Structures are given as C-alpha cells and as structure tokens.
Amino acid sequence: MNDNISHRFGEIIRTVRERRGITLKQVAGRIGVSESLVSQIERNKVSPSVDTLISLADVLEIDLEYLFKDYKRRKGATIVRPEERVSRTSGGVSYEKLTIINDPREEFAVEALMLIIDPGAERGDKEYGHRGKELGVILEGEGRLEYGDKEYTLAKGDCVSFDSDIPHTLKSCGTVAMKAVWIITPPKNSD
C-alpha cells in the first residue's frame, strides 16, 4: 500500500459500491475512467484527482462529508499553555493572546485575548471602528463600553457583543483592573 496517501477512503467507496450492487466496470464506465483505476482507488493504491473523486461520489450517491468523516476525526485541537501566550502592554492595557484560529476565507477566523485594563485606562477608538464582530466576558472589575453614541456599564459576569464597525472604547472604571476574555472575528491583531 502506498504510504504517501494521507487519507484513505477507498474502503468506503468499495463498501458503498458493493452495497449498491454496482460493478467496478459500471462505475468506471459512468465516470469515464478505467476499471483498473477504480480498483486502485478502492485499494488505496492511488489517490484520485478531485474531479474523479467527485464523479465517484456522484455515481455512488456518497456525500463528500461522509468520505472525509475519518479525516475530520483525526484533526487535532490547538492548546496554548499560559507560558506560551504572547502578550503586550500599551497605555495601561495588557493583551494576552489566548489563541488565533485562522481560516483562509476569514469566514471562521477568530482571535481570543485576555484583556487586563488598569483602572482609568481604556482601549479602542472613539472615531473609528473596524470590520467584524466582538464578544467579551468580564471576569473581574468594572468597566464602561462607549459604543457609538451609547454607553454601557459592565461588571463581573457580564457578557457583551457588538458589530465592530461602530467606533467603540472599553474603559476600566473600578478601583481594580478589569479583566476580560475578548473574542474578535476576523482577527484584528496579527502579532
């Protein structure tokens, strides 16, 4: 068996084909490839082109998600240990990057930060927003969100979410630093 093939779905294709009572020759004829190629795909000897794979799935009425179910299960989770987190401090605000989940299309890209805002310090911009959405959970302290022409008081346990394209600032208003988990999509900071 060719060990260079990273995902093996030949067994799935063969099992479905046999359950449907379709021969190798019939499948090959319907998608315009050789019977030998279909056999090699089913035995994981070769990896089919995307076009051939889609044609096989269509002929055998296999959902592509089903073909890749085992591959998806092997995907791992990202763990960022406290000592591995990148942090920076600016103007009384500490940003500790918890994680960033990238997506080439940005459809599911997310950045998660631990914010620690010293009493009286603030983050954001009163004049400009940025594209995306934000969600925050206040873990400690008190704060005030200025969002467009509105103000919101925030305290421990509060959650807030909003469209980021409206100018907004977050200020720590209590006697202790405000600590919050902050999620931004798409990611705003790349460092």
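Visitor: Which residues of helix α2 are buried?

Guide: In α2, residues 24-31, the buried ones are L24, V27, A28 and I31. Buried means under 20% relative accessible area, exposed over 50%, and partly exposed in between, with a 1.4 Å probe and protein chains only. Helices (H or I, at least four residues) and strands (E, at least two) are DSSP runs, numbered from the N terminus.

Visitor: Where do those buried residues fall, seen down the axis of α2?

Guide: They fall within an arc of 95°, so they line one face of the helix. The arc is taken from the directions from the helix axis to the C-beta atoms.

Visitor: Before going on, what kind of model is this?

Guide: It is a predicted model: local features need pLDDT of at least 70, side-chain atom pairs count only at pLDDT 80 or more, and totals for chains, interfaces and linings use all residues. Residues are numbered from 1 along each chain as its sequence is written, and side-chain values use heavy atoms, with hydrogens and water left out.

Visitor: Back to α2. Which residues are exposed on its other side?

Guide: K25, G29 and R30 are exposed there. The cover over the buried residues includes α1 (10-19), α3 (35-42) and α4 (50-60), where contact means heavy atoms within 4.5 Å.

Visitor: And what follows α2?

Guide: G32 follows, with a positive phi near 75°.

Visitor: Now charges. How many salt bridges are there?

Guide: The count is ten, a salt bridge being a side-chain nitrogen of Lys or Arg within 4 Å of a carboxyl oxygen of Asp or Glu. One of them pairs K97 with E111, with the closest N and O atoms 3.6 Å apart. That pair links distant parts of the chain, K97 being in strand β2 (residues 93-101) and E111 in strand β3 (residues 110-117), 14 residues apart.

Visitor: Are K97 and E111 buried or exposed?

Guide: Both K97 and E111 are buried.

Visitor: What does R123 form a salt bridge with?

Guide: R123 pairs with E134, the closest N and O atoms being 3.7 Å apart. R123 is in strand β4 (residues 122-125) and E134 in strand β5 (residues 133-140), so the pair ties together parts that are eleven residues apart in sequence. Both R123 and E134 are buried.

Visitor: And D163 with K133, what is the N to O distance?

Guide: Their side chains meet in a salt bridge at 2.3 Å, N to O. D163 lies in strand β8 (residues 159-163) and K133 in strand β5, so this pair ties together parts that are 30 residues apart in sequence. D163 is partly exposed, with a relative accessible area of 34%, and K133 is partly exposed at 47%.

Visitor: Which residues are joined into one network?

Guide: K126, R144, E146 and E151, through salt bridges that share partners.

Visitor: Different topic. How many bridges join strand β1 to β2?

Guide: Four bridges join β1 (residues 87-90) to β2, and the two run antiparallel. Two strands pair if DSSP finds at least two bridges between them. R88 stands opposite Y95 in β2. The hairpin has two residues between its strands, and G91 takes a positive phi near 60°.
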